2 protein chains.
Amino acid sequence: MPGHSPDTTGLALDNQQTRARAWFEELRDRICAAFATIEREAGSDASFDYADWQREDPEGQPGGGGVRGVMKGEVFEKVGVNVSTVGGAFNPDFARSINGAEDDPSFLATGISLVAHMANPHVPAVHMNMRFLSTTKRWFGGGADLNPPIPYDEDTASFHARLRAACSPYGPDVYERYSKWAEEYFFIPHRGVHRGVGGIFYDHLETGSDALFERNFRFTRDVGEAFLDIYPAIVRRRMDHSWDDEDRARMLAWRGRYAEFNLIYDRGTLFGLKTGGNIDAILMSLPPEARWD
Amino acid sequence: MPGHSPDTTGLALDNQQTRARAWFEELRDRICAAFATIEREAGSDASFDYADWQREDPEGQPGGGGVRGVMKGEVFEKVGVNVSTVGGAFNPDFARSINGAEDDPSFLATGISLVAHMANPHVPAVHMNMRFLSTTKRWFGGGADLNPPIPYDEDTASFHARLRAACSPYGPDVYERYSKWAEEYFFIPHRGVHRGVGGIFYDHLETGSDALFERNFRFTRDVGEAFLDIYPAIVRRRMDHSWDDEDRARMLAWRGRYAEFNLIYDRGTLFGLKTGGNIDAILMSLPPEARWD
């Protein structure tokens with residue numbers, strides 16, 4: 001049921017927050033529809049199940065919540081798409097690490113996050129998330145990266161090219177900076193390897209004026225549109241490739257690395273655990289099946 | 001090949017360290033032999049493979065190393081038994097969190113660690129580790145806990161009873177304190193559940209005098225003997241139970257929780273990652289296969 005919205009009773013959203021939230025939910029609807037269409041093309045009738053959750057505020061104040069959408073299909077072995085709009089106060093320790101929350105722990109966060117683990121080892125897994133955060137400051141952040149168990153240069157190139165095109169109106173070095181940030185961020189230090197073939201990562205696109213809000217909100221939407229444009233195209237390019245047990249074994253070992261990254265290093269996971277997020281929504285990024293030799 | 005010892009060329013071990021090390025390696029040999037015997041009883045010819053690794057000291061000094069032993073059998077789906085003897089200097093940040101290393105980051109650590117993931121969901125998985133650490137202070141630490149995907153009260157009771165018996169010569173409240181410590185430690189806060197049915201956990205059994213060293217070394221040996229006595233008995237009690245796909249699915253989901261604990265909270269994992277340990281040895285505790293719904 002697209003249109004499913006988190007219950008944010010008691011959170012007073014202003015115009016910027018309301019617009020950001022509405023757009024994240026609209027993007028969710030369009031992504032879920034696009035993914036379900038791919039399942040139809042593969043002859044499957046899989047669809048998204050949606051589950052609401054409420055944030056439990058430690059002070060008992062209204063805390064907002066989210067909607068977790070999950071589809072388990074023939075092409076998408078497991079894909080989760082979350083939207084959430086949560087608010088309240090960070091705990092004091094955590095507040096110190098958050099932009100603009102050093103002296104006032106109040107926050108409101110609205111965003112979308114998505115991880116797809118694919119049945120066919122030739123189809124890359126993918127991650128995407130975007131958020132609008134308000135503390136005493138406000139900013140957009142987000143990112144998307146491609147995670148092929150079996151990489152194809154063609155897929156890597158077209159994923160990066162589409163993100164580069166989305167970034168180019170915003171400055172000649174934007175794509176370089178954000179793709180470099182992704183390269184540094186999506187790295188597994190204890191293994192000495194990248195978790196995938198990169199993408200972009202950005203944070204703290206501050207919105208200190210109306211003009212800056214409009215610009216950075218438009219950038220966020222452009223990145224979202226780029227994702228919706230390129231990822232389904234890559235899936236269609238690979239979904240009919242045949243695969244064997246060896247390919248599957250390679251994917252399951254690769255997913256072990258992915259789980260390590262998400263549990264040890266991922267900031268979104270940490271943010272969720274530290275802010276009383278829904279545990280099933282936070283850990284939805286974990287693979288449906290993984291192996292460690 | 002029991003008897004396989006880490007190369008510790010260049011680490012000057014004194015008498016206490018040498019004795020502790022020798023005992024950990026002897027315990028490893030006896031445990032591996034006991035586990036291989038169980039495989040024989042199940043008609044399998046599985047045996048342990050051993051691999052040496054060297055600790056890479058950041059300053060290029062001799063750093064010691066370890067031996068990682070792994071067996072993949074019919075009863076033991078994957079069991080890893082590590083011994084290691086490593087030394088050098090903690091990095092300054094990490095040193096601040098370690099007993100006796102606040103002002104001098106030099107350390108020597110010798111120990112054993114073991115995790116067994118079992119093929120039959122009715123047979124509990126298990127974890128055990130013990131170590132002797134030297135900084136400006138010296139102490140023993142260790143623990144063992146039982147992790148049944150499908151718990152049986154009889155197994156829980158006999159595991160705890162044997163550990164209680166090992167603790168009882170050391171004081172009337174030793175078992176209570178250490179089993180309570182395990183209850184607090186082997187807990188997954190973000191899930192609000194214990195990872196298993198407990199056991200014991202202890203740390204900082206300091207050895208400031210010869211008499212204290214002898215006492216705490218003897219305690220360590222008694223715990224090791226208790227483990228070697230009770231765990232194979234529990235395995236034999238359950239290994240012939242029949243199981244079906246539903247039992248296996250329950251085990252794989254349970255193993256997902258186990259992986260979460262080890263990657264997010266486990267101190268041994270953190271210690272290994274922070275001291276340049278061997279990544280395959282550190283993460284050997286991860287399950288051979290796990291699922292997240």
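Helices (H or I, at least four residues) and strands (E, at least two) are DSSP runs, numbered from the N terminus. Helix α1(A) is followed by Gly43(A), whose phi is positive, near 80 degrees. This is a predicted model, in which local features need pLDDT of at least 70, side-chain atom pairs count only at pLDDT 80 or more, and totals for chains, interfaces and linings use all residues. Residues are numbered from 1 along each chain as its sequence is written, chains are lettered from A and ligands numbered from 1 in the order in which they are written, and side-chain values use heavy atoms, with hydrogens and water left out.

**Helix α1 of chain A**
- The 27 residues of helix α1(A), residues 15–41, should span 39 Å at 1.5 Å a residue, and the end C-alpha atoms are 39 Å apart, which agrees; the expected span is 1.5 Å times one less than the number of residues.
- Asp14(A) caps the N-terminal end of α1(A), with a side-chain oxygen 3.2 Å from the backbone nitrogen of Gln16(A).

**The sheet of chain B**
- Seven strands form an open sheet in the order β1-β2-β3-β4-β5-β6-β9 (chain B), with antiparallel pairing; two strands pair if DSSP finds at least two bridges between them.
- Its edge strands, β1 (49–54) and β9 (199–206) of chain B, each pair on one side only.
- Neighbouring strands of this sheet are turned by 5 degrees against each other on average, direction ignored.
- Strand β1(B) pairs with β2(B), residues 64–71, in the antiparallel sense over six bridges.
- Within β2(B), Gly69(B) is the bridge partner of Tyr50(B).
- Helix α3(B), residues 153–167, packs on the sheet and touches β5 (125–134), β6 (138–147) and β9 of chain B; contact means heavy atoms within 4.5 Å.
- The direction of α3(B) makes about 160 degrees with that of β6(B), where axes are lines fitted to C-alpha atoms, for helices over the stretch in contact, and angles run from 0 to 180 degrees between N-to-C directions.

**Phe94 of chain A**
- Phe94(A) lies in helix α2(A), residues 92–95.
- At 8% relative accessibility, Phe94(A) counts as buried (under 20% relative accessible area, with a 1.4 Å probe and protein chains only; exposed is over 50%, and partly exposed lies in between).
- Not counting residues up to four places away in sequence, Phe94(A) touches Phe271(A), Lys274(A) and Thr275(A).
- Although Phe94(A) and Lys274(A) are 180 residues apart along the chain, their C-alpha atoms are separated by 7.2 Å.

Technical notes. A polar contact is a pair of N or O atoms within 3.5 Å; within protein, one must be able to donate a hydrogen and the other to accept it, and residues adjacent in sequence count only if both atoms are side-chain atoms.
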